[in-house]
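Please read the points below alongside the model.

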Amino acid sequence: MRKVFVALLLYILPIGLLSCSRQITEPVDDSAPGRRDYVWTVDTIKIPFTLLNRIWGSSPADVWAVGPGGGLDRTIWHYDGTKWKTDGVSRNINPWAVFGFSNNDVWICGEEGKIWHFDGSHWQQSGQYQFNETSTIIEDMWGTSSNDLYAIGFSTVDNNKVAIILHFDGGLWENCSIPIINYELNRIKGIHLKSGERFAITGYKQVSILNLRVGLFIFDGPNSLRQIYEADDEISTWATCQSIENEFFFTKGNTIYTFPDNTFRSFLRISEVEFGCQIFGRSKKDIFIRMFNGISHYNGTDIQYLYKFTNDISILDATIFENEVFFLANDFTNNSNLIFHGKLKN
(Lines give C-alpha, C1' and ligand atoms only; values in the text may rest on other atoms or scores of the structure.)
Protein backbone atom coordinates (compact mmCIF):
# COMPACT_ATOMS: atom_id res chain seq x y z
CA MET A 1 0.00 0.00 0.00
CA ARG A 2 2.90 2.36 0.76
CA LYS A 3 4.31 1.78 -2.73
CA VAL A 4 1.00 2.69 -4.30
CA PHE A 5 0.97 5.91 -2.29
CA VAL A 6 4.52 6.72 -3.33
CA ALA A 7 3.61 6.21 -6.97
CA LEU A 8 0.65 8.53 -6.60
CA LEU A 9 2.88 11.12 -4.93
CA LEU A 10 5.22 11.04 -7.90
CA TYR A 11 2.43 12.30 -10.17
CA ILE A 12 0.61 14.56 -7.74
CA LEU A 13 3.74 16.56 -6.83
CA PRO A 14 4.90 18.26 -9.74
CA ILE A 15 9.09 12.02 -9.48
CA GLY A 16 23.16 -4.86 -4.86
CA LEU A 17 23.18 -6.13 -8.40
CA LEU A 18 19.80 -6.19 -10.04
CA SER A 19 18.61 -8.74 -12.54
CA CYS A 20 17.86 -7.07 -15.87
CA SER A 21 17.90 -7.59 -19.60
CA ARG A 22 19.05 -4.90 -22.02
CA GLN A 23 18.10 -4.23 -25.61
CA ILE A 24 19.84 -1.34 -27.38
CA THR A 25 18.43 -0.27 -30.73
CA GLU A 26 20.50 2.90 -31.12
CA PRO A 27 24.07 3.21 -32.46
CA VAL A 28 26.80 2.01 -30.12
CA ASP A 29 27.68 4.57 -27.44
CA ASP A 30 31.45 4.88 -27.12
CA SER A 31 31.33 7.09 -24.03
CA ALA A 32 33.00 5.85 -20.87
CA PRO A 33 30.82 4.07 -18.28
CA GLY A 34 29.67 6.32 -15.47
CA ARG A 35 31.64 6.06 -12.25
CA ARG A 36 30.15 4.76 -9.02
CA ASP A 37 32.71 5.75 -6.39
CA TYR A 38 30.58 8.36 -4.65
CA VAL A 39 31.00 9.64 -1.11
CA TRP A 40 27.54 10.39 0.33
CA THR A 41 26.25 12.88 2.85
CA VAL A 42 22.62 13.41 3.84
CA ASP A 43 21.15 16.78 4.84
CA THR A 44 17.84 16.96 6.71
CA ILE A 45 15.37 19.83 6.37
CA LYS A 46 12.45 19.34 8.71
CA ILE A 47 9.69 21.87 8.13
CA PRO A 48 6.23 21.35 9.61
CA PHE A 49 3.56 20.97 6.91
CA THR A 50 6.03 21.58 4.06
CA LEU A 51 7.14 18.98 1.53
CA LEU A 52 10.00 20.06 -0.73
CA ASN A 53 9.45 18.32 -4.07
CA ARG A 54 11.67 19.91 -6.76
CA ILE A 55 15.39 20.67 -6.92
CA TRP A 56 17.58 22.47 -9.46
CA GLY A 57 21.02 24.07 -9.44
CA SER A 58 23.47 25.94 -11.63
CA SER A 59 26.43 24.35 -9.81
CA PRO A 60 27.11 22.24 -6.69
CA ALA A 61 27.49 25.52 -4.81
CA ASP A 62 24.19 26.97 -6.05
CA VAL A 63 21.28 24.55 -5.58
CA TRP A 64 17.62 25.40 -4.92
CA ALA A 65 14.87 23.22 -3.45
CA VAL A 66 11.22 24.29 -3.23
CA GLY A 67 7.83 22.95 -2.25
CA PRO A 68 4.39 24.08 -1.07
CA GLY A 69 3.71 24.29 2.62
CA GLY A 70 2.01 25.88 5.56
CA GLY A 71 4.47 28.75 6.01
CA LEU A 72 5.36 30.89 2.99
CA ASP A 73 8.63 31.87 4.68
CA ARG A 74 10.03 28.31 4.49
CA THR A 75 9.15 27.09 1.00
CA ILE A 76 12.34 28.22 -0.82
CA TRP A 77 15.71 26.76 0.27
CA HIS A 78 19.23 27.35 -1.06
CA TYR A 79 22.48 25.41 -0.80
CA ASP A 80 25.68 27.44 -1.11
CA GLY A 81 28.10 24.54 -1.19
CA THR A 82 28.20 24.27 2.58
CA LYS A 83 24.74 24.58 4.09
CA TRP A 84 21.03 24.57 3.25
CA LYS A 85 19.19 27.68 4.42
CA THR A 86 16.19 29.88 3.77
CA ASP A 87 16.08 33.64 4.12
CA GLY A 88 12.85 33.45 6.11
CA VAL A 89 11.07 35.98 3.91
CA SER A 90 7.36 35.29 3.43
CA ARG A 91 6.54 35.59 -0.28
CA ASN A 92 3.13 35.41 -1.85
CA ILE A 93 3.78 32.18 -3.72
CA ASN A 94 3.42 28.51 -2.82
CA PRO A 95 6.06 27.03 -5.15
CA TRP A 96 5.82 23.64 -6.82
CA ALA A 97 8.87 23.68 -9.11
CA VAL A 98 12.18 25.44 -9.74
CA PHE A 99 14.22 25.81 -12.92
CA GLY A 100 16.94 28.15 -14.10
CA PHE A 101 19.88 29.00 -16.29
CA SER A 102 22.48 30.52 -13.94
CA ASN A 103 22.93 31.71 -10.37
CA ASN A 104 21.27 35.02 -11.26
CA ASP A 105 18.50 33.62 -13.46
CA VAL A 106 16.27 31.28 -11.46
CA TRP A 107 12.52 30.68 -11.80
CA ILE A 108 9.87 29.17 -9.55
CA CYS A 109 6.20 28.49 -10.23
CA GLY A 110 3.27 27.31 -8.18
CA GLU A 111 -0.23 27.85 -6.93
CA GLU A 112 -2.61 30.58 -8.12
CA GLY A 113 -0.79 30.44 -11.47
CA LYS A 114 2.13 32.47 -10.12
CA ILE A 115 5.65 32.57 -11.52
CA TRP A 116 8.54 34.35 -9.80
CA HIS A 117 12.10 35.20 -10.90
CA PHE A 118 15.39 35.54 -8.99
CA ASP A 119 18.01 37.90 -10.44
CA GLY A 120 20.81 36.91 -8.08
CA SER A 121 19.74 39.33 -5.37
CA HIS A 122 15.94 39.51 -5.20
CA TRP A 123 12.83 37.46 -5.91
CA GLN A 124 9.97 39.20 -7.68
CA GLN A 125 6.80 38.09 -9.41
CA SER A 126 7.15 37.68 -13.18
CA GLY A 127 3.63 36.67 -14.08
CA GLN A 128 0.35 35.13 -13.04
CA TYR A 129 -2.01 33.08 -15.17
CA GLN A 130 -5.70 32.79 -14.34
CA PHE A 131 -8.42 31.28 -16.47
CA ASN A 132 -11.76 32.94 -15.71
CA GLU A 133 -10.68 33.32 -12.08
CA THR A 134 -10.49 29.57 -11.64
CA SER A 135 -7.89 27.71 -9.58
CA THR A 136 -4.59 27.31 -11.45
CA ILE A 137 -1.38 25.51 -10.47
CA ILE A 138 1.85 25.71 -12.49
CA GLU A 139 3.78 22.51 -11.79
CA ASP A 140 6.94 22.57 -13.91
CA MET A 141 9.12 24.63 -16.28
CA TRP A 142 11.76 24.08 -18.95
CA GLY A 143 13.40 26.33 -21.53
CA THR A 144 16.54 27.37 -23.37
CA SER A 145 16.78 30.87 -21.89
CA SER A 146 14.78 33.51 -20.07
CA ASN A 147 13.57 34.62 -23.48
CA ASP A 148 12.22 31.18 -24.32
CA LEU A 149 10.72 29.49 -21.27
CA TYR A 150 7.72 27.16 -20.98
CA ALA A 151 5.57 26.37 -17.94
CA ILE A 152 2.92 23.66 -17.59
CA GLY A 153 0.10 22.86 -15.20
CA PHE A 154 -3.67 22.96 -15.08
CA SER A 155 -6.71 25.08 -14.32
CA THR A 156 -9.82 23.73 -12.62
CA VAL A 157 -12.90 24.52 -14.70
CA ASP A 158 -16.34 23.32 -13.53
CA ASN A 159 -14.62 20.77 -11.27
CA ASN A 160 -12.57 19.46 -14.20
CA LYS A 161 -8.82 19.88 -14.56
CA VAL A 162 -7.81 21.37 -17.91
CA ALA A 163 -4.19 21.26 -19.09
CA ILE A 164 -2.36 24.54 -19.73
CA ILE A 165 1.01 25.40 -21.31
CA LEU A 166 2.45 28.91 -20.99
CA HIS A 167 5.32 30.53 -22.90
CA PHE A 168 7.56 33.43 -21.87
CA ASP A 169 9.39 35.40 -24.59
CA GLY A 170 11.29 37.66 -22.24
CA GLY A 171 8.43 40.13 -21.98
CA LEU A 172 5.09 38.43 -21.45
CA TRP A 173 3.72 35.09 -20.32
CA GLU A 174 1.15 33.91 -22.86
CA ASN A 175 -1.14 30.90 -22.99
CA CYS A 176 -0.28 28.44 -25.78
CA SER A 177 -3.11 27.15 -27.92
CA ILE A 178 -3.42 23.43 -27.24
CA PRO A 179 -6.30 20.95 -27.48
CA ILE A 180 -8.61 20.94 -24.46
CA ILE A 181 -7.69 17.88 -22.42
CA ASN A 182 -8.68 17.02 -18.86
CA TYR A 183 -5.15 16.41 -17.69
CA GLU A 184 -2.94 17.82 -14.96
CA LEU A 185 0.46 18.34 -16.60
CA ASN A 186 3.30 18.00 -14.13
CA ARG A 187 6.63 17.21 -15.83
CA ILE A 188 8.24 18.83 -18.88
CA LYS A 189 11.62 18.00 -20.43
CA GLY A 190 13.08 19.45 -23.59
CA ILE A 191 15.62 18.74 -26.32
CA HIS A 192 17.14 20.94 -29.01
CA LEU A 193 16.45 20.28 -32.69
CA LYS A 194 17.61 22.08 -35.81
CA SER A 195 14.02 23.21 -36.29
CA GLY A 196 13.66 24.43 -32.69
CA GLU A 197 12.76 22.73 -29.43
CA ARG A 198 10.67 19.66 -28.72
CA PHE A 199 9.16 18.81 -25.35
CA ALA A 200 8.12 15.63 -23.59
CA ILE A 201 5.40 16.09 -20.98
CA THR A 202 3.95 13.83 -18.30
CA GLY A 203 0.48 14.26 -16.84
CA TYR A 204 -2.35 12.43 -15.17
CA LYS A 205 -6.10 12.65 -15.01
CA GLN A 206 -8.66 11.63 -12.41
CA VAL A 207 -11.07 9.12 -13.94
CA SER A 208 -12.81 8.32 -10.67
CA ILE A 209 -12.13 8.69 -6.95
CA LEU A 210 -9.85 5.65 -6.95
CA ASN A 211 -8.70 5.62 -10.56
CA LEU A 212 -5.94 7.76 -12.09
CA ARG A 213 -4.64 7.52 -15.64
CA VAL A 214 -1.17 8.66 -16.61
CA GLY A 215 -0.34 10.13 -20.01
CA LEU A 216 2.73 11.02 -22.04
CA PHE A 217 2.69 13.86 -24.58
CA ILE A 218 4.92 15.46 -27.22
CA PHE A 219 4.73 19.23 -27.64
CA ASP A 220 6.35 21.04 -30.59
CA GLY A 221 4.71 24.44 -30.14
CA PRO A 222 1.21 25.98 -30.29
CA ASN A 223 -1.51 23.58 -31.43
CA SER A 224 0.96 20.69 -31.53
CA LEU A 225 0.33 18.83 -28.29
CA ARG A 226 -0.27 15.16 -29.01
CA GLN A 227 -0.66 12.20 -26.71
CA ILE A 228 1.66 9.23 -27.25
CA TYR A 229 0.70 7.03 -24.30
CA GLU A 230 -2.07 6.55 -21.74
CA ALA A 231 -2.60 3.85 -19.12
CA ASP A 232 -3.95 3.24 -15.64
CA ASP A 233 -1.69 4.54 -12.88
CA GLU A 234 -0.53 1.12 -11.71
CA ILE A 235 2.87 -0.36 -11.01
CA SER A 236 2.97 -2.18 -14.34
CA THR A 237 2.05 0.90 -16.41
CA TRP A 238 3.53 3.96 -14.64
CA ALA A 239 5.14 6.42 -17.01
CA THR A 240 7.51 9.41 -16.80
CA CYS A 241 9.72 11.41 -19.16
CA GLN A 242 13.33 12.56 -19.04
CA SER A 243 15.91 14.15 -21.36
CA ILE A 244 19.49 12.89 -21.30
CA GLU A 245 22.18 13.94 -23.77
CA ASN A 246 19.58 15.86 -25.78
CA GLU A 247 17.46 12.74 -26.24
CA PHE A 248 14.13 11.72 -24.76
CA PHE A 249 13.87 8.76 -22.42
CA PHE A 250 10.51 7.44 -21.28
CA THR A 251 9.81 4.95 -18.52
CA LYS A 252 6.73 2.76 -18.87
CA GLY A 253 6.24 0.07 -16.26
CA ASN A 254 9.55 -1.74 -15.81
CA THR A 255 11.08 -0.63 -19.12
CA ILE A 256 13.05 2.44 -20.18
CA TYR A 257 12.55 3.55 -23.78
CA THR A 258 14.19 5.97 -26.18
CA PHE A 259 12.03 7.76 -28.75
CA PRO A 260 13.83 8.14 -32.10
CA ASP A 261 11.64 8.74 -35.13
CA ASN A 262 8.60 9.15 -32.86
CA THR A 263 8.72 5.46 -31.95
CA PHE A 264 9.22 3.87 -28.53
CA ARG A 265 12.31 1.66 -28.60
CA SER A 266 13.26 -0.51 -25.66
CA PHE A 267 16.53 0.61 -24.06
CA LEU A 268 16.65 -1.13 -20.68
CA ARG A 269 14.29 -3.54 -18.94
CA ILE A 270 14.44 -3.73 -15.14
CA SER A 271 13.05 -6.81 -13.44
CA GLU A 272 13.63 -5.56 -9.88
CA VAL A 273 10.25 -4.86 -8.24
CA GLU A 274 11.67 -1.87 -6.36
CA PHE A 275 12.05 0.18 -9.57
CA GLY A 276 10.36 3.56 -9.01
CA CYS A 277 9.79 4.55 -12.66
CA GLN A 278 12.01 7.62 -12.69
CA ILE A 279 15.53 8.20 -14.02
CA PHE A 280 18.14 10.96 -14.19
CA GLY A 281 21.44 10.93 -16.01
CA ARG A 282 24.42 12.37 -17.81
CA SER A 283 24.61 9.86 -20.66
CA LYS A 284 23.31 6.46 -21.78
CA LYS A 285 26.08 4.88 -19.72
CA ASP A 286 25.58 7.06 -16.66
CA ILE A 287 21.93 6.83 -15.55
CA PHE A 288 20.64 7.11 -11.99
CA ILE A 289 17.56 5.04 -11.23
CA ARG A 290 14.94 5.86 -8.61
CA MET A 291 14.20 2.82 -6.47
CA PHE A 292 11.65 2.55 -3.69
CA ASN A 293 14.45 1.48 -1.37
CA GLY A 294 17.39 3.51 -2.64
CA ILE A 295 19.34 4.94 -5.57
CA SER A 296 20.67 2.66 -8.30
CA HIS A 297 22.95 3.27 -11.26
CA TYR A 298 23.26 1.93 -14.81
CA ASN A 299 26.74 2.18 -16.37
CA GLY A 300 26.00 0.68 -19.78
CA THR A 301 26.57 -2.87 -18.57
CA ASP A 302 24.73 -3.55 -15.34
CA ILE A 303 22.73 -1.96 -12.52
CA GLN A 304 23.99 -1.60 -8.96
CA TYR A 305 22.80 0.23 -5.88
CA LEU A 306 24.69 3.38 -4.96
CA TYR A 307 22.68 3.99 -1.80
CA LYS A 308 20.13 1.89 0.11
CA PHE A 309 17.53 3.44 2.38
CA THR A 310 16.81 2.18 5.89
CA ASN A 311 13.55 4.11 6.36
CA ASP A 312 10.42 4.60 4.27
CA ILE A 313 11.91 7.20 1.90
CA SER A 314 10.78 8.37 -1.53
CA ILE A 315 12.94 10.23 -4.07
CA LEU A 316 11.06 13.13 -5.65
CA ASP A 317 13.63 14.87 -7.85
CA ALA A 318 17.35 15.23 -8.60
CA THR A 319 19.87 17.60 -10.12
CA ILE A 320 23.01 16.16 -11.71
CA PHE A 321 26.41 17.84 -12.17
CA GLU A 322 29.69 16.62 -13.64
CA ASN A 323 31.10 15.21 -10.40
CA GLU A 324 28.26 15.67 -7.90
CA VAL A 325 24.62 14.66 -7.61
CA PHE A 326 21.76 15.83 -5.38
CA PHE A 327 18.65 13.72 -4.77
CA LEU A 328 15.67 15.32 -3.03
CA ALA A 329 13.57 12.88 -1.01
CA ASN A 330 10.92 12.66 1.68
CA ASP A 331 11.35 10.57 4.82
CA PHE A 332 7.82 9.43 5.64
CA THR A 333 8.89 7.85 8.94
CA ASN A 334 10.33 11.06 10.39
CA ASN A 335 8.30 13.54 8.31
CA SER A 336 11.43 15.21 6.99
CA ASN A 337 12.89 16.44 3.71
CA LEU A 338 16.22 14.81 2.85
CA ILE A 339 18.93 15.71 0.33
CA PHE A 340 21.28 12.87 -0.60
CA HIS A 341 24.47 14.51 -1.84
CA GLY A 342 27.00 12.34 -3.68
CA LYS A 343 30.52 13.41 -4.64
CA LEU A 344 32.83 11.40 -6.85
CA LYS A 345 36.18 10.62 -5.24
CA ASN A 346 39.14 12.58 -6.54
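**Notes on the predicted model**

1. Beyond its neighbours within four places in sequence, Asn-182 is in contact with Asn-160, Lys-161, Val-162 and Lys-205 (contact means heavy atoms within 4.5 Å). A polar atom of the Asn-182 side chain lies 3.3 Å from the backbone oxygen of Lys-161. Asn-182 sits in the loop between β14 (173-175) and β15 (strands are DSSP E runs of at least two residues, numbered from the N terminus).

2. This is a predicted model, where local features need pLDDT of at least 70 and side-chain atom pairs count only at pLDDT 80 or more, while totals for chains, interfaces and linings use all residues. Residues are numbered from 1 along each chain as its sequence is written, and side-chain values use heavy atoms, with hydrogens and water left out.

3. The largest nonpolar core has 41 residues, and Ile-165, Ile-201 and Phe-219 have the most contacts inside it (a core is a set of buried Ala, Val, Leu, Ile, Met, Phe, Trp, Tyr and Cys residues joined through side-chain atoms within 4.5 Å; buried means under 20% relative accessible area, with a 1.4 Å probe and protein chains only). Strand β13 (residues 160-168) supplies the largest share of this core, five residues. A second, separate core of 16 residues includes Tyr-38, Trp-40, Phe-280 and Phe-309.

4. Which strand gives the most to the lining of the largest pocket? β15 does, with six residues. By class, this lining has 13 nonpolar, 10 polar and seven charged residues (Ala, Val, Leu, Ile, Met, Phe, Trp, Tyr, Cys and Pro count as nonpolar, Asp, Glu, Lys and Arg as charged, and the others, Gly among them, as polar).

Definitions and conventions: Buried < 20%, exposed > 50% of the residue type's maximum accessible area, 1.4 Å probe, protein only. Helix = DSSP H or I, 4+ residues; strand = E, 2+ residues; numbered from the N terminus. Polar contact = N/O pair within 3.5 Å; in protein donor to acceptor, adjacent residues only side chain to side chain.
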